[in-house]
Amino acid sequence: MFLGKARAYTNIALIKYWGKKDETCILPMNSSLSLTLDAFYTETSVCFDKNLTRDYFSLNGEEQSVQQTAKIAAFLTMIRQQYQLDLFAKVESTNFVPTAAGLASSASGFAALAGACNQALQLGLADADLSRLARRGSGSACRSIFGGFAEWEKGADDASSFAKKIPSDDWENELAMLFVLVDDRIKDVSSRDGMKRTVQTSSFYQGWLETAPADLQTAKAAIAAKDFKALGEVTEANGLRMHGTTLGAVPPFSYWSPESLKVMTCVRQIRAQGLPCYFTMDAGPNVKILVEKKNISQLKALLLNDFSENQLITANAGPGLSTLPV
Ligand SMILES: O=C(O)C[C@@](O)(CF)CCOP(=O)(O)OP(=O)(O)O
């Protein structure tokens with residue numbers, strides 16, 4: 001038996017990954033940039049065992065169905081092919097998220113799984129190759145190998161598409177993110193399905209591709225200059241442009257719920273009153289607000305006028321992947 005265990009934290013994209021050039025290899029159409037957070041993480045253990053006759057996956061102590069295990073099994077099959085292995089594995093993941101409000105991201109899960117496999121099989125992968133491995137599980141997972149700010153260079157092929165840490169002089173430690181949980185019954189389109197439909201059918205997708213590279217450069221310059229206003233503005237604009245592409249898809253769709261829009265309006269009003277804060281959203285109705293750590297208490301107090309305490313979760317910058325004792 002070969003055992004491995006790792007912990008990885010979720011990351012939130014400030015410049016979004018939205019659209020694949022290659023579905024099998026998970027190569028993106030554009031480069032992206034994220035902030036790894038400390039509030040949500042996944043611990044994953046893997047056991048490659050010759051006595052197993054198929055892959056098993058349990059999440060938060062519950063055995064998952066074959067269908068739910070499909071993404072994990074596909075990742076393990078890629079590992080078996082890449083490393084000429086004929087062993088099945090048992091994967092056990094625990095998501096440490098303050099609430100079950102669907103915040104657990106595939107990013108922390110697959111980054112942790114990549115780290116656990118690296119340890120179990122003693123692959124000795126350096127960060128760039130670990131990032132590539134995680135990317136094969138879920139694109140955004142490649143950024144969770146690193147703490148703080150990470151840039152996922154889209155690259156041209158499997159070998160050149162991976163993330164790296166952005167030098168920031170630890171500026172991320174002066175920032176925070178406030179999650180506003182929007183309780184929404186509508187079943188979202190998954191990020192994987194959403195970006196596929198958008199790439200294939202959206203009349204606005206070309207506009208996204210034409211603007212994302214400049215947004216990335218603006219965000220990197222803002223980080224280098226520790227310019228919060230510049231980083232916030234490009235984060236909010238880029239997120240809105242990403243979501244704009246879904247409205248042009250066939251059939252059109254949107255991740256925004258009425259309460260999402262209410263949060264966005266609140267953020268704009270609070271910003272207009274002089275507290276710098278900027279929102280971003282991913283493949284769901286929850287809203288993430290980027291704010292300087294010194295202002296998080298005031299922001300939270302203002303939001304409590306419109307939202308309940310248990311809808312608000314604060315997060316600071318988080319660390320990169322760590323392997324754990326097995
Ligand atoms: O995180 C971002 O850059 C933006 C998004 O979160 C916006 F929704 C997409 C993340 O997509 P992911 O779940 O990584 O897709 P996969 O590669 O199909 O598994």
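## Backbone exceptions and a pocket

With a relative accessibility of 73%, Q122 counts as exposed, a class that here requires over 50%, against under 20% for buried and partly exposed in between (1.4 Å probe, protein chains only). This is a predicted model, in which local features need pLDDT of at least 70 and side-chain atom pairs count only at pLDDT 80 or more, while totals for chains, interfaces and linings use all residues. Residues are numbered from 1 along each chain as its sequence is written, and side-chain values rest on heavy atoms, with hydrogens and water left out.

Q122 sits in the loop between α2 (106–120) and α3 (127–135), where helices are DSSP runs of H or I with at least four residues and strands runs of E with at least two, numbered from the N terminus. Its phi is positive, near 50 degrees, in a residue other than glycine. D170, likewise not a glycine, has a positive phi of about 60 degrees and belongs to the loop between β9 (162–165) and β10 (175–180). In the loop between α6 (228–247) and α7 (258–272) lies P251, which is joined to V250 by a cis peptide bond with omega of about -5 degrees.

We turn now to a pocket. The second largest pocket is lined by 13 residues, and T24, I26, A74, R136 and R192 lie nearest its centre; a pocket is an open set of points on a 1 Å grid over the protein atoms alone where a 1.4 Å probe fits, with protein on both sides within 12 Å along at least five of seven lines, and lining residues have an atom within 4 Å of a point. α1 (66–82) and α4 (191–201) each supply at least two residues of this lining, and the largest share, four residues, comes from α1.
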